[in-house]
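Subject: Structure for you to look at

Hello,

Here is the structure I said I would pass on. My notes on it follow below.

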Amino acid sequence: MSKLAEDFQRDGFAVIENFLSEREIEKLRDEATRLIKEESTKNEHGRQIFSNDNNAKSEYFVNSGDKIRYFFEKKAFVEGPDGKPQLLVPEDQSLAKIGHALHILNPVFRELTTCDKIKSVFRQVGFKCPTVAQSMVIFKNPKVGGEYTPHQDASFLCTEPEICLAGVWLALDDATVENGCLQFIPGSQELPLARRFVRVKQQSDNNPDASDQLLDWTAPIVQYDESKFVHVPVKRGALVLIHGLVVHRSAPNNSERPRWIYTFHAYDKGRASYKKDNWLQTGNNPNTFMSLYED
Ligand code: FE2
């Protein structure tokens with residue numbers, strides 16, 4: 001068994017330092033920068049703030065599974081004199097994330113997601129048919145980058161009859177304690193799935209009332225023992241493999257340094273099927289779910 005597989009089985013996460021070359025990092029960063037510029041030129045949807053409350057009610061978020069959409073940091077805005085939100089920081093530092101179909105719609109992110117060394121990671125941890133369900137660039141920019149509260153990724157992307165999900169998390173900056181690196185409860189992948197984030201209405205088109213809740217949690221927030229979280233700082237270029245059940249979180253970025261990452265999640269289609277009430281669905285584009293071993 002490889003060290004990666006051993007760490008992953010024991011702790012629920014594993015780190016490979018220097019996974020990306022400098023050239024690969026720059027290519028991903030340049031493409032993310034280009035996407036930000038493209039968005040600020042078009043800005044067709046206004047600026048959608050990324051927060052649990054907004055997400056659950058927003059068609060823009062709910063139907064982003066097969067699209068490239070942009071979500072802004074709450075802390076990037078203040079209330080302007082006209083009562084409307086006004087940007088507090090330059091627009092290119094105000095995004096929380098871009099998601100959720102970069103792996104299929106964007107050639108640069110697609111190339112990296114499907115490269116041989118990524119396939120090798122999934123082979124090492126025994127995935128028969130890794131199938132990418134979502135992808136995101138998460139920016140966690142200085143001062144405005146928000147926290148991610150403790151969660152299990154399978155809450156968002158659940159499979160049946162068993163849960164077989166893993167996240168690939170690639171550092172495009174050094175991720176440090178100061179700028180909000182990942183924190184894990186090692187071994188917590190042995191815990192059951194505590195709750196799920198699911199669709200409560202099938203299609204937003206059928207919900208003319210914009211205040212309708214489209215997504216909801218199946219159970220309340222779980223409190224985990226603070227003392228059990230371990231910080232996992234990594235250098236730019238590192239890969240962190242995240243088990244779908246391991247409890248993890250990241251703090252807000254109160255530092256002066258950004259913490260950009262590219263991440264995607266794959267489930268094992270060889271062992272399980274994707275649940276139809278997961279929040280993220282492929283809409284009219286079933287090819288959004290991309291099997292990594294199929295060329
Ligand atoms: Fe996560």
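How many bridges join strand β10 to strand β15? There are three, linking residues 182-184 of β10 with residues 248-250 of β15, and the two strands run antiparallel. Within this pairing, Gln183 stands opposite Arg249 of β15. Please keep in mind that the model is predicted.

Both strands belong to an open sheet of four, in the order β7-β15-β10-β13, with antiparallel pairing. At the edges are β7 (148-151) and β13 (230-232), each of which pairs on one side only. From one strand to the next, the twist averages 25 degrees.

There is also a metal site. An iron ion is coordinated by NE2 of His151, OD of Asp153 and NE2 of His248, at 2.1 to 2.2 Å. Along the sequence, these donor residues follow the spacing H-x1-D-x94-H. His151 and Asp153 are both buried.

The last item is helix α7, which covers residues 116-124 and has Ile118, Lys119, Val121 and Phe122 as its buried residues. These lie on the same side of α7, because the arc they cover around the axis is only 155 degrees. Asp116 and Arg123, on the other side of α7, are exposed. Just after the helix comes Gly126, with a positive phi of about 85 degrees.

Regards

How values were computed
Residues are numbered from 1 along each chain as its sequence is written. This is a predicted model: local features need pLDDT of at least 70, side-chain atom pairs count only at pLDDT 80 or more; totals for chains, interfaces and linings use all residues. Side-chain values use heavy atoms; hydrogens and water are left out. Two strands pair if DSSP finds at least two bridges between them. Axes are lines fitted to C-alpha atoms, for helices over the stretch in contact, and angles run from 0 to 180 degrees between N-to-C directions. Donors are N, O and S atoms within 2.8 Å of the metal (3.2 Å for Na, K and Ca); water is not among the atoms, so sites may look incomplete. Buried means under 20% relative accessible area, exposed over 50%, partly exposed in between (1.4 Å probe, protein chains only). The arc is that of the directions from the helix axis to the C-beta atoms.
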